[in-house]
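Please have the sequence and the structure open while I talk.

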Amino acid sequence: MLEPLLVVELAILGLGTGFLAGLLGIGGGMLLVPFMTYILGHQQVPPDLAVKMAIATSMATIMFTSVSSVRAHHKRGAVRWDIVRRLAPGIVIGGLVASLGVFALLKGAFLAIFFGLFVSFSAFQMFLDKKPAPSRQMPGTSGQLAAGGVIGFLSGLVGAGGGFVSVPFMTWCNVAIHNAVATSAALGFPIALANVVGYAVGGQSVAGLPSGSLGYIWLPALAAIATCSVLTAPLGARAAHQLPVKQLKRVFASLLLMLAAYMLWKGVAAF
């Protein structure tokens, strides 16, 4: 059983990440990983394992927030299901490769630093707001399959729903920002499902896991966060259709930079 104060903290975290999942199409993972790393550390989980469990538990919550937010986006006709169908197979393959193989081999400190660096890069790209060539379009089926593989693999390493890669990628290909956010939310479910299977299987023999763990996934925290996040994800999705494009991009980038700085600090301190 979790302490009452911890349940309240996780519930507040769930409400916040659910709203951001709907607003920015990021699945909430970018916010969850740093906070879950902090919380697990206070539960006496070793730092290296805490980072891995934070990534895995964060990814598991995305299965719930994705379904909740994408329903709201779909009602507004914003989801590009043609893109979802082409990216999803590669996402599943890339996610399984990351979560079943590479994830278990890497140290938590390296994953934290990788998280920080890659997210910082994504944020700066959004801040620069470079206009894509007017003629650029989404690649063909094979190109989207490959892009999906990269998105799924990177998501598996950092515990996020892929929005930090898929949203800039789609806007670079002249997909409108609101459609990119909505489509990213829809992609969150296959990303999360593939990676959660890998985390659950790959973490079965790991020593030092806290009680209530399924592989690297901390089930009590998952239950508390997911229950609350599904309540606010539709509210975030509604807000996403009322904000101007530039403001939405800057909110996205500012959030990523703050979280990246924290994880870089945690990763460097762990070495």
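Let me start with the nonpolar surface patch, which covers about 480 Å² and is made by Val67, Leu100, Phe189, Leu193, Val197 and Val201. For the terms, patches are made of residues with over 30% relative accessible area and no salt bridge, where like charges are joined within 9 Å and nonpolar side chains (Val, Leu, Ile, Met, Phe, Trp, Tyr) within 5 Å. The accessible areas themselves come from the Shrake-Rupley method with a 1.4 Å probe, and for residues only the protein chains shown count as cover. Helix H8, residues 177-202, gives the most to this patch, with 4 residues; helices here are DSSP runs (H or I, at least four residues; strands would be E, at least two), numbered from the N terminus. Val201, which lies in H8, counts as exposed at 52% relative accessibility, where exposed means over 50% relative accessible area, buried under 20%, and partly exposed in between (1.4 Å probe, protein chains only).

Before going on, please keep in mind that this is a predicted model, in which local features need pLDDT of at least 70 and side-chain atom pairs count only at pLDDT 80 or more, while totals for chains, interfaces and linings use all residues. Residues are numbered from 1 along each chain as its sequence is written, and side-chain values use heavy atoms, with hydrogens and water left out.

Now to the helix packing. The axes of helix H3 (residues 47-75) and H8 come within 7 Å and cross at roughly 150 degrees, where axes are lines fitted to C-alpha atoms, for helices over the stretch in contact, and angles run from 0 to 180 degrees between N-to-C directions. The contact, meaning heavy atoms within 4.5 Å, involves residues of H3 including Ile55, Met59, Met63 and Val67, and residues of H8 including Val181, Ala185, Phe189 and Tyr199.

A second pair is formed by helix H4 (residues 81-105) and helix H6 (residues 141-158), whose axes come within 6 Å and cross at roughly 40 degrees. H4 passes H6 in a right-handed crossing, and the contact includes Gly90, Gly94 and Gly95 of H4 together with Gly148, Gly149 and Gly152 of H6. Val102 belongs to helix H4 and is partly exposed, with a relative accessible area of 28%. Leaving aside residues up to four places away in sequence, Val102 touches Val97, Phe153 and Leu157, and the C-alpha atoms of Val102 and Leu157 are 8.0 Å apart although 55 residues separate them in sequence.

How many salt bridges does the structure hold? There is 1, taking a salt bridge as a side-chain nitrogen of Lys or Arg within 4 Å of a carboxyl oxygen of Asp or Glu. Arg80 and Asp82 form it, with their closest N and O atoms 3.0 Å apart; Arg80 is partly exposed at 32% relative accessibility, and Asp82 is partly exposed as well, with 25%.

Is Thr183, by contrast, buried or exposed? Thr183 sits in helix H8 and counts as buried, at 0% relative accessibility. Most residues other than glycine have a negative phi, and most peptide bonds are trans. Gln44, in the loop between helix H2 (29-42) and H3, has a positive phi, near 70 degrees, and is exposed at 69% relative accessibility. Asn174 has a positive phi too, of about 65 degrees; Asn174 is found in the loop between helix H7 (163-172) and H8 and is partly exposed, with a relative accessible area of 34%.

How values were computed:
A crossing is left-handed if the near helix is turned anticlockwise from the far one by less than a right angle, and right-handed if clockwise.
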